[in-house]
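Reader: Could you take a close look at one part of this model for me? I'd like the details, with the cut-offs spelled out.

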Amino acid sequence: MSGSRTSMSSVNLSQVVPCLAYSCCSIMMMLLNKSLASRGGKIPLSCVMLVQNLATLILVHIFDSCLATEAKARWRMNLPPLRVQTCLAWLPVNLIFLVMLFSGFKTLQLVTVSLVSVCKNITNVFTTFGDRMLFGEPVSFEVLIALMLMIIAAYLGASDELRLDGGRFNMQAGFWMTVNCLATSAYGLQIKLSQKQTGLSPYGCTFYNALVATPLTFLWTIWNGDLLKFLGNVELLEPQYLFSLTMSSLIGFGIGFSVFWCISATSPTTYAMVGAANKIPLAVLGIMVFSEPVTANRVLFISIGLLAGIVYARAKSLLKKQGSKNHSRGPSKQEAIELKVDKLENGNVMMKDAGSHGE
């Protein structure tokens, strides 16, 4: 009994830590962006991505050179061999990511961030059922309640701005928002699919993702002209500008690794829920650090969002306990029959092979 509790706690810890790592990195990146925006600093998004990808490749090779062999094996941080097939397997992830960024940029030109935030929470429902269809991830009634609570919380948090934004929504905004929501849902699902196809560790996924993304983002910066603007910016040599780029690169490496770690240890659904729940501590920090006003809707958003996180965590815990109970009971009658048939077929094949060798 004690052994099963120990194994259960270790399994929970192996899933909680990646989620916390992704949440912390994501919150730090959002706070950094908000700080830059409040100071008037503006770095082109495509150039930030290019710098982050190059920094990730450099950091991966630094860790590979500095870490001992035992540490690499223990933490699964071995640098995978370079293969064209693996690059092709990660190409859809990066293409979907670029579609997600471009459609998000077009959407934010037409509507406010609040409306996009509400729709992103609705997207989590599509991710949940896609996770169920592609990977067999169980979906309970409590999971659906948690998703609905998160949507309600997002609506309450954005209700004041949504009243002002309602007149700006049109067919063009609806098109780009739909594309962005579908790409957001497909991104997490494609990561899980590529992980299964390649069998890479989160560290290997980080390396290959940066390797494939670097030439794509480089072409993007040339196409939109951001690279020339970025290199010609006189602020590039200022200490504050360099510090922001350095911090963005380090946090970007952490986000990339923690995203693959989170999806590998849990599921695309949990990854989407953690991303939605990140807005709750951001709202609290906005009140405490940036002196944002405390409104009734904001308090409701924080309270219902926390409740949604608790309901989701409890639902996943119950599903895991139910899965472990079913596993301890052994295979079902149908599975037992299939196992017996497989054994008989394998036995007949072995007898035929033995007879052919005897002849």
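How do the residues of the lining of the largest cavity divide into nonpolar, polar and charged?

Author: Four are nonpolar, two polar and two charged. Here Ala, Val, Leu, Ile, Met, Phe, Trp, Tyr, Cys and Pro go down as nonpolar, Asp, Glu, Lys and Arg as charged, and the others, Gly among them, as polar. A quick caveat: this is a predicted model, where local features need pLDDT of at least 70 and side-chain atom pairs count only at pLDDT 80 or more, while totals for chains, interfaces and linings use all residues. Residues are numbered from 1 along each chain as its sequence is written, and side-chain values use heavy atoms, with hydrogens and water left out.

Now the cavity itself. A cavity is a set of points, on a 1 Å grid over the protein atoms alone, where a 1.4 Å probe fits but cannot get out, and lining residues have an atom within 4 Å of a point. Grid points are joined across faces, edges and corners, and the volume is the space filled by probe spheres set on the points. The count comes to one cavity of 30 Å³ or more, and the largest has a volume of about 30 Å³. Its lining is made up of Thr-128, Glu-137, Pro-138, Val-139, Val-143, Thr-269, Tyr-312 and Lys-316.

As for Ser-185, it sits in helix H7 (residues 171–198), helices being DSSP runs of H or I, at least four residues, numbered from the N terminus. Ser-185 counts as buried because its relative accessibility is 7%, and buried means under 20% relative accessible area with a 1.4 Å probe, protein chains only. Leaving aside neighbours within four places in sequence, Ser-185 is in contact (heavy atoms within 4.5 Å) with Thr-123, Phe-126 and Thr-127.

Methods. 1 Å grid on protein atoms, 1.4 Å probe; cavity = no way out; pocket = protein on both sides within 12 Å on 5 of 7 lines; lining within 4 Å. Helix = DSSP H or I, 4+ residues; strand = E, 2+ residues; numbered from the N terminus. Buried < 20%, exposed > 50% of the residue type's maximum accessible area, 1.4 Å probe, protein only.
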